[in-house]
Each structure stands twice: as C-alpha cells, then as structure tokens.
Amino acid sequence: MDYSLLWLDWKRREALPSYTGTLCGEVKTGEGKAALRELIAGFQAMRGRAPTLSSQKESPCLRLEELEGPGEGFSLLREGEGMRLRGCGKGLLYGAFYLLRHLALGEDFPEKTSSPAYPIRMLDHWDNADGSVERGYSGNSFFFREGGPVCTARTADYARLLASCGLNGSCINNVNVKGNALYLLSGKYNKELREIAACLGEYGVALWLSVSFSAPMELGGLPTADPLDEGVRAWWRDTCASLFAAVPNLAGFLVKADSEGRPGPHTYGRSHAEGANMLAQAVEPWGGKILWRCFVYNCTQDWRDTKTDRARAQCDTFAPLDGLFRDNVYLQAKNGPVDFQIREPVSPLLGRLPHTNSLLEFQLAQEYTGQQRHVCYLPAMFREVLDFRLRHREEQDTVAESIQAVTAVSNTGDDYNWTGHDLAAANLFGFGLLSWDPKADPAKIAREWSILTFGNDPRVTETVCRILLGSRETYEKYTVPLGIGWMCVPGVHYGPSPEGYEYDRWGTYHRATCRAIGVERGPEGTGYTEQYAPALAAQYRDVETCPEELLLFFHRVPYSHRMKDGRTLLQRIYDDHFEGYEEAEEMARAWESLKGRVPEDAFRRVQERFREQLRSAREWRDIINSWFYRLTMIPDKMGRTLYL
Ligand code: GCU
C-alpha cells in the first residue's frame, strides 16, 4: 500500500462492471483530460488491466460527454449496461472521482447528478517562505523551500487529492506574511508561481496568495499604505496588473489586516470596508477576489480589564459594515467567535452579514485539538456548524445557507503520510466532501474514508469508524471543560496549563476562584449573547436554557451549580476527565486489535501516536482535575485520585 496516495490508492476489485473495460468520447479541456487520465489509471488499478479507448460509442462503456463552459456540476447516469458521465471539464473531473470512489466502495452503477454548494472551496496554508509551517504538525511546507516557492511532484499529487474530494482553491502562503513571502507580489517568483498555478489548474484548483496590507511600503517604498491614497491605489493596480498577467489561474488575495499585529486600514483611520474595497478594485479587472479575514480583536488586553470581551470583537467590528463591501470581497470568519477551540458557539457574525459575501473558515490543522498527535475527527463538528440555525429568518437560515464559500486551514505538510497522524487524513477528506455538499453525513464520510484507505475489511471499517466518531467528544472530555477554552500551554497550544493564559494579553480568561469559574457573557456581563438573533440570545443568556456543553463559555457559574442530570458542575468536570482518559485508552486498544489487518507501517505510525495521546491525556486529566481540587478542596465523590 502506498500511503502517500491516501484515499486515491485504488485497490483491486473483483467483478467490476464490464463498462470499466472501455472508455469512449472525446475530451478537450485540461480538466477533461485529467478526468480521462484518472479514469484510465483508476480502472487499470481496480481491474488489473488498462481499459480500451474508443472514439466511437461502444457498449457497454463509460461514455464521457464534455460540455463547454466553466460549470463544475456533473451527471453520471446509467446507459444500458454502461454509464454516461456528462459535464464541463471540471464537472467531468469531479464526476470521474465520484465514480472511482463509488466503484471502490463496491457500487456498480453509482448514478449521481450533483453540483457544488459553493463556488469557492479551498484550503489555507500557513506555510512560510522559509519552509516552516505555522501551526504545522506534519512536517515542512511542500510549497516553499529554501526561501522561495517550488513546484514539485507533490504539488501535482496535492492537486489530485484536492480535486478528488471536491476542493477547488488553495492559498499557499501564511496569512502572517513575512520574510520572502513579501516578494510573491514583486515579480521575483513569477516563474515558480506560474508553474504552481498551472499544476494546480490541471486539476481545477485555483491559486490564491496571502498578501500584506502594507506591501506598498514594504515593497514599493511608499511612505504610506493608506487605502485612500492615490499613490497606494496606483501601486496595487500596477502590481496586480503585472502579477495577474504573469500568473494565469491566480484567483485573488487573502488578507489578515489589523489582526494580531498585522498592518491594516485602521492605522490610517480607515475602515475594513475601505481597505478591502481598495484591493478589490485593484484585482477586479482580472476577475480577482479579495478574501478579507475577520479575525480582528484586541490582542494587547490588560487582564485586569473585565469590560473588553474578545468574543464580541468580530461582530462589533464587522456587523456594522455589512453591505459596504464590493461584490468581489468575501469576509472570512472563523467558525467560532474566539479561535478554533474544541468547543465554541457558532460565531454570531455568520448571521450578521446578509448583504456581504461571507466565507466560513475551519481549521483542519489541529492547533487546539491535539495537533495531529491525538485523534480528533472534525467533520461532525463542521457539520454541526453548517447545520446550525442562526434564527434570523424562517427559511434559508442555517450557516450553510448563509455563507457563500468555505475554507479550512490545512493540516498537510511534507510528511510521507501528508497529515502526520494517518487518521487525520480523514479530516481533510471529510472537509472536502462537506465543502461540496454541506449535508454530507460525517459517519458515512468516515466509513468511505476507511474503506478507500485501508480496504474493505468490515472489522477494520467498524473499528476505525468507532475510533473516529467518538474522538472529538473524548478529546473534549479530558481537556477543556464545557466551552471554557484555552487552559493550554501558551504559545505551543499543546498540553494542559489551566492558568497559562490567565494573566496574559490575549483576552482569554476564565477568572476562576475557589467558588466559581467563567466569564458572564449575558446582558449583565459582557453582553456577547445579544449579538445573536433574539431567539438564540434568549436561549444563551439563561443558564437554564443554555446548552450544557457551552455552559462555561456563556456563564460564570459556581462549582455547586446543578447540571441537568443532578451532578454538580465540579463533579461533572471530574467525571468527564476520568471518562475521557478511559475512552482514549479504549480507542488505543481498538487500534491494537487491528494489528495484521491494516498495513504494518500505518499500524505502527498510528500506534506511536496513540502512545503520545495517552501520555498527554493522562497529563490533561490529572492536571485539570488536581487544579480544580486544589482550588475548591472539594473531593471527587467517587474517591478517585486527585493530587495535592
Ligand atoms: C491563531 C494561531 C495563529 C494564527 C491566528 C490566525 O491565533 O495561533 O498562529 O496566526 O490564529 O488565525 O491568524
């Protein structure tokens, strides 16, 4: 098994339907040709013999019918004993992968008519020009080496992987633009960028770049980056004109402005709309788009200040600007109001931009969710967010229906298995499928991924799915309780440190005493709850109706608070931590039971990761529980060990 192919390692299948022996029809576009290439290679791998090609219609065959246009949808229908795949070039590509996947899953005639929910479905890489990856847990960058961009064989493998699960865009450099990444705009790397863009483009994947808002100063030597300054506008216009002309398939820019020390329009007393619109005008002649991040908050807060609430910041900043952005601007908001914690409410901002394109950002890189050393299957969480009703409207009210695009911070690197933890590849696959169809079922995704990856041994499939599907709740139980967030080691964000962020500048406090914990975010507190639609605000502001898993996100609560099942809050925290660790042990045992059933190298790699997960989970359990015990001096009702 070649694990570097991930879910594209097509395995031999007995008794394939006979149409896989012949391919007919003609394809013209690059993507159409890629579709044909994939079908030939896929059928060959599954059959053990190459299919024949014919320009005539033969029966039974797989007939490709390429339409003209940029459309991404496809229809795959039965035609007698054969099948017909119809679509524009990109559609054929997605349809081809759909067919191959479903043949590999054992279906003979997987009929489907489908088109993607969003026109932009992408990955954000936090890759730096020096080859390192910010929050990267699977090796170094494969886009950058020795200070500059490179196009390698992995770029092509990557493009295939993205297309095979429905993704069509990739922003290859870190939102924190530093070092040589600045020069991506300058023309210095046009040759490399052109190569990368062409390689991605063969598989329908557009290239995006992160840019620095102050590039006119850093690169252009101008005295200002004021978006209303004529010189600045002209600089961006000219820079875009040469870059877009030199790099076909460049789709636009991603910008982190006025965020965590990054430059932005606020420096010049201008709004985010003025900043984003200026760039939008510069890229417009090239059909370009601006993805403008909303991750804007005060990151130099004084912990003594109890009025400022980081959770409020994005809505406070961006909701009043709704409707002021140009059509080619997308506001990119993280799924929660703070920062990719294991449990956060859905960001209220997602419901507050009805007149603006919005782009939902998830994080596949498991920065706060175990850093690809712990198993944490995320598609179920993504689906929860996408399905969430924002309660602003009677209809078309879910997050999935309120956004226009999706992206995720990538979890890939140059590790042989791409994602560090072999099981983390399921997150990448799952995100792709959900970006195409936000109603895709996370349990089904897990099953498909397991079969495509490890083959069709029911015991393996059942065990892998059991591990994946319980993993998020397990991780949550042994780490940070009930939405409170943080409590991790500052900087690295791995391992427990209950007060690590308590007296820091990042605006992430729990303010625990011996009696109570949490920040009150109802109207008597910071008022964050009131950023939601009235029905949700009412639900969240009341401790009784607030969802329990988010209790400590929304409220300051005494440890004696009764949970719905009668336990005290403190006892619930103790119980979760003991249970969470036991569940982690159970997952590790389940994996052990697959020895000999999954390829030995993958088995070993995952076994190693489980060792680390258990070590770390034990630290989390004992440090969090002991910390609460020391603070409260209330023992565990069950008499389990807590440390003084
Ligand atoms: C987190 C993360 C940073 C990242 C930032 C962002 O805070 O720790 O590394 O730069 O998010 O999303 O911009």
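Arg78 lies over the face of Phe109, 3.7 Å from the ring centre; a charge sits over a ring if NZ of Lys or CZ of Arg is within 6 Å of the ring centre and within 35 degrees of the ring normal. This is a predicted model, where local features need pLDDT of at least 70, side-chain atom pairs count only at pLDDT 80 or more, and totals for chains, interfaces and linings use all residues. Residues are numbered from 1 along each chain as its sequence is written, and side-chain values use heavy atoms, with hydrogens and water left out.

**Charge over a ring**
- Arg154 places its charged end over the ring of Trp418, 3.8 Å from the centre.

**Ring pairs**
- Rings of Phe, Tyr and Trp (its six-membered ring) pair if their centres lie within 6.5 Å; planes under 30 degrees apart count as stacked, over 60 as edge-to-face and the rest as tilted.
- By this rule the count is 34 aromatic pairs.
- Phe143 and Tyr158 form an edge-to-face pair, with 5.2 Å centre to centre and 90 degrees between the planes.
- Phe143 is buried, with a relative accessible area of 0%, and Tyr158 is buried too, at 1%; buried means under 20% relative accessible area, exposed over 50%, and partly exposed in between (1.4 Å probe, protein chains only).
- The rings of Tyr368 and Trp486 have centres 5.0 Å apart and planes at 75 degrees, so this pair is edge-to-face.
- Tyr368 counts as buried at 7% relative accessibility, and Trp486 does at 8%.

**A cluster**
- Trp235, Trp236, Phe244, Phe253 and Trp286 are linked into a cluster by ring pairs.
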